[in-house]
Amino acid sequence: RAACERVDAAFHRAIAEATANPILLGLLDYLAGARRHAAWQREWELTYRRLGVTEFTGRHSDQHQAIVDAIARNDPGGAAEAMRDHLDTIFEAMRDAGLTA
């Protein structure tokens, strides 16, 4: 799980750096700090267990690929939609694990 989290953080960081958007970079820095807290780690462990390794690595990898493909096509709308789908997946997984309102 820790390796998956590092790769995920690096993926999102690379996209943020490519945008050169200081607000997005600041948000990712904030989230990176939150991810290091024990409370986040406990909640994410529950989510990760609920999803399972195959679901987490497979579905998220597919979603990451859809984001990259849209960026490569120079399709900002498609990239935004793919990112929304990805974030919705994370939200739903955390909600289903009882971690969001």
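Q: Where is D8 found in this predicted model?
A: D8 is found in helix α1, residues 2-19.

Q: Why is D8 called buried?
A: Its relative accessible area is 12%. Buried means under 20%, so D8 is buried.

Q: Which residues does D8 touch, not counting residues up to four places away in sequence?
A: D8 touches R35, H64 and H86.

Q: What makes R13 and E17 a salt bridge?
A: Their closest N and O atoms are 3.1 Å apart. The cut-off is within 4 Å, so the pair counts as a salt bridge.

Q: What separates R13 and E17 in helix α1?
A: About one helical turn, because they are four residues apart.

Q: Why is R13 called partly exposed?
A: R13 has a relative accessible area of 26%.

Q: Why is R73 called exposed?
A: R73 has a relative accessible area of 53%. Exposed means over 50%, so R73 is exposed. R73 also meets D75 in a salt bridge, at 3.2 Å from N to O.

Q: What joins R13, E17 and D29 into one network?
A: Salt bridges that share partners join them.

Note on methods
Residues numbered from 1 in each chain as written. Predicted model: local features only at pLDDT ≥ 70, side-chain atom pairs only at ≥ 80, totals over all residues. Heavy atoms only, no water. Helix = DSSP H or I, 4+ residues; strand = E, 2+ residues; numbered from the N terminus. Buried < 20%, exposed > 50% of the residue type's maximum accessible area, 1.4 Å probe, protein only. Contact = heavy atoms within 4.5 Å. Salt bridge = Lys/Arg side-chain N within 4 Å of Asp/Glu carboxyl O.
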